[in-house]
Amino acid sequence: MEDVSNLHSQPREKATSGWINGLIGVLIFSGSLPATRVAVMEFDPVFLTVARASIAGVLALCLLVLFKEKRPTRHQLLPLIIVAMGVVVGFPLLTALALQYVTSAHSIVFIGLLPLATAVFGVVRGGERPRPAFWLFSVLGSLLVSGYAVSQGLTASPQGDMLMLLAVLACGLGYAEGAKLSRTLGGWQVISWALVLALPVMALLSAWRAPVSFAGISTPAWFSLGYVSLFSMLIGFVFWYRGLAQGGIAAVGQLQLLQPFFGLALAAGLLHEQVSLGMLAVTVAVILCVAGARKFSK
């Protein structure tokens, strides 16, 4: 007869594994906006979006062929299209456009809204039902982040801020849909098939939007393109979707509240952008919200 203690420990171990995988994903994603900020200074935002998706799509196709993965079923195609529209096209394009108007440090603050958006879509699309206290911490964390953004003057760049809000909604839906699909298709398979589905269109657009000459592109811009293509578009999602599927979309999604902390550190260290004490104070506060949300996630 199987040990009852083992039966109870298995869900806890799975949840812990989900949080670890989710944290690795967040660490990888934290470099996305600073890298995009560097790249968009020299690359057209639309070209940057389609190029990163094309590069990641080719790599994903190679992985799927190498491991001889089965094709998605017919009923999995629509969710994959939603994932592709949300995280392959929507979020990268909208953030690249937004970063023409705002700094990466300012845009990272909006990432604090992603956990709430992901949790809401997790309920709508994933059928999850977190406890009321979870929503309290989730909303509080999002209010802290968005409230700080408002205090800095959202009217300074309404275009950039609106684009970032739309990006958050697109990304939250893509995260929730991908996490739900990961339970049956697998984490890395979901993002890989989504990239492959988008590849034909992305490749054609890359050729169309490519600059006449790449001679003037600096090394940092090339490295940034490589980062957002390989890590932000593919590797990060391998850990992220696995973490969401293992630990719960709404629960593990709260780790995104930590992303501003890591992103702001990168923005200050690599781009020499100013990071105020207010930003750091908000980050500390949302870390406490993550801890509270995790405790009441189920």
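## Close-up views of a predicted model

**Figure 1. The second largest cavity and its lining.** The residues that line the second largest cavity are Val109, Val145, Tyr148, Leu257, Pro260, Leu264, Met279, Val282, Thr283 and Val286, and the model in which they are placed is a predicted one. Two or more of the lining residues are given by each of helix H7 (132–151), helix H12 (259–270) and helix H13 (277–295), with H13 supplying the largest share, four residues. The volume of this second largest cavity is about 70 Å³, and its lining divides by class into nine nonpolar residues, one polar residue and no charged residues.

**Figure 2. The largest cavity and the residues closest to its centre.** The count of cavities of 30 Å³ or more comes to two, and the largest of them holds about 100 Å³ of space. Its lining is made of 13 residues, of which Phe29, Ser32, Phe91, Tyr175 and Ser232 are the closest to the centre. Helix H2 (32–40), helix H4 (74–98) and helix H10 (219–247) are the elements that each give two or more residues to this lining. Sorted by class, the lining of the largest cavity contains nine nonpolar, three polar and one charged residues.

**Figure 3. Valine 87 within the largest nonpolar core.** The largest nonpolar core has 78 residues, and the members that touch the most others are Val87, Val88, Tyr175 and Tyr241. When neighbours within four places in sequence are set aside, valine 87 is in contact with Pro92, Cys171, Gly174, Tyr175, Ile191, Met233, Phe237 and Tyr241. Leaving out residues up to four places away in sequence, asparagine 21 touches Phe239, Trp240, Arg242, Gly243 and Gln246. Serine 157 lies in the loop between H7 and helix H8 (158–185) and is likewise buried, with a relative accessible area of 8%. Its contacts, again not counting residues up to four places away in sequence, are with Tyr101 and Val102. From C-alpha to C-alpha, serine 157 and leucine 48 are 22 Å apart in space, and they are 109 residues apart in sequence.

Figure 4. Most residues other than glycine have a negative phi. Lysine 68, although not a glycine, has a positive phi of about 55 degrees; its place is in the loop between H3 and H4, and with a relative accessible area of 74% it is exposed. Glycine 127, which follows H6, also has a positive phi, near 70 degrees. The buried residues of helix H6 (residues 114–126) are Leu114, Pro115, Ala117, Thr118, Ala119, Gly122 and Gly126.

**Figure 5. Confidence along the predicted chain.** The average pLDDT of the chain is 86, and 91% of the residues score at least 70. Confidence is highest in helix H3 (residues 45–66), at a mean of 96, and lowest in helix H5 (residues 104–110), at 71.

Definitions and conventions. Residues are numbered from 1 along each chain as its sequence is written. This is a predicted model: local features need pLDDT of at least 70, side-chain atom pairs count only at pLDDT 80 or more; totals for chains, interfaces and linings use all residues. Side-chain values use heavy atoms; hydrogens and water are left out. On a 1 Å grid over the protein atoms alone, a cavity is a set of points where a 1.4 Å probe fits but cannot get out, and a pocket is an open set with protein on both sides within 12 Å along at least five of seven lines; lining residues have an atom within 4 Å of a point. Grid points are joined across faces, edges and corners, and a volume is the space filled by probe spheres set on the points. Ala, Val, Leu, Ile, Met, Phe, Trp, Tyr, Cys and Pro count as nonpolar, Asp, Glu, Lys and Arg as charged, and the others, Gly among them, as polar. A nonpolar core is a set of buried Ala, Val, Leu, Ile, Met, Phe, Trp, Tyr and Cys residues joined through side-chain atoms within 4.5 Å. Buried means under 20% relative accessible area, exposed over 50%, partly exposed in between (1.4 Å probe, protein chains only). Contact means heavy atoms within 4.5 Å. pLDDT is the predictor's confidence in each residue, from 0 to 100.
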